[in-house]
Amino acid sequence: MFPLPMFTTEQVARVCENLEETGDIERLGRFLWSLPAAVPGSAGEALNRHESVMRARALVAFHGGNFDALYQILQSHRFTRESHAKLQDLWLDAHYREAEILRGRPLGPVEKYRIRKKFPLPHTIWDGEQKTHCFKIPFVSQERTRSLLREWYLQDPYPNPSRKRHLAQATGLTPTQVGNWFKNRRQRDRAASAKNRIQQDPSHHPSGSSPEEHRHHSHLLPSSPRHPGSPEASDCSTGTDRRGTGASTPDISVSSDSEFES
């Protein structure tokens, strides 16, 4: 315990700042607990108006898992811009942790994005400046961008314009780039599905052989001369051969692999 009568409001604030900088949250909590109650007209009330003290209280509440107290502190006291970044992180991380406790697992990028939309930053810790990880993210790594887009694709391969705009804000891409990524991904999936069907269904190839075996056997057969009018050279014969070998091979070509091409 600290002998409080020896400390002024400014001294208490300096102690809070020093303990916050060293990361000694346990000692900081004990120090705050020893402060006088915030009774109107008392020294405790003056302390609760000091930003360093209130920021310290918010930090202790967060690390103690007392998220309701944290939200109350952040929403009831207007903090200066210098404190915004740290307090915004506390606000978002607290909501993430609450959601993870409810779900029993870590949150993915899409789920965190939805949490940020559901619980926007209060104006007491945000003055309208662009928060890169909360609104538009201009410098997101390509791997993180792909991960977020894949998660949305699994939920809905055909996003509507509103969702495309939301994804554009979350990834730093344009809505057009988002649309192109989904279009290319659908084409790749269709091509892969068609290729798998061909490989798994031997009826698409003569005598049930695989495409590789068929090409190998055709190469070994001697070629015979063709004469005008012969069945081998006629167009009708060619058409009959195609019908006899089943449906034509689906086109499995895909568009360019430039995922985010404008």
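Confidence is expressed here as pLDDT, the predictor's own score for each residue, running from 0 to 100. The structure is a predicted model, in which local features need pLDDT of at least 70 and side-chain atom pairs count only at pLDDT 80 or more, while totals for chains, interfaces and linings use all residues. Residues are numbered from 1 along each chain as its sequence is written, and side-chain values use heavy atoms, with hydrogens and water left out.

The chain has a mean pLDDT of 75, with 66% of its residues at 70 or more.

Turning to the interior, a nonpolar core is a set of buried Ala, Val, Leu, Ile, Met, Phe, Trp, Tyr and Cys residues joined through side-chain atoms within 4.5 Å; buried means under 20% relative accessible area, exposed over 50% and partly exposed in between, with a 1.4 Å probe and protein chains only. The largest such core holds 35 residues, of which Cys16, Leu70 and Leu74 touch the most other members. At least two residues of this core come from each of α1 (9-22), α2 (25-33), α4 (51-63), α5 (67-76) and α6 (81-103). Leaving aside residues up to four places away in sequence, Leu74 touches Ala58, Phe79, Leu87, Trp91, Thr124 and Ile125. Another core, of 13 residues, lies apart from it and includes Tyr113, Leu148, Trp152 and Leu167.

The buried residues of α10 pack against α8 (142-155) and α9 (161-171).

Rings of Phe, Tyr and Trp (its six-membered ring) pair if their centres lie within 6.5 Å, with planes under 30 degrees apart stacked, over 60 edge-to-face and the rest tilted. Tyr153 and Trp181 form an edge-to-face pair, 6.1 Å centre to centre with 85° between the planes. This pair links distant parts of the chain, Tyr153 in helix α8 and Trp181 in helix α10, 28 residues apart.

Methods: Contact means heavy atoms within 4.5 Å. Helices (H or I, at least four residues) and strands (E, at least two) are DSSP runs, numbered from the N terminus.
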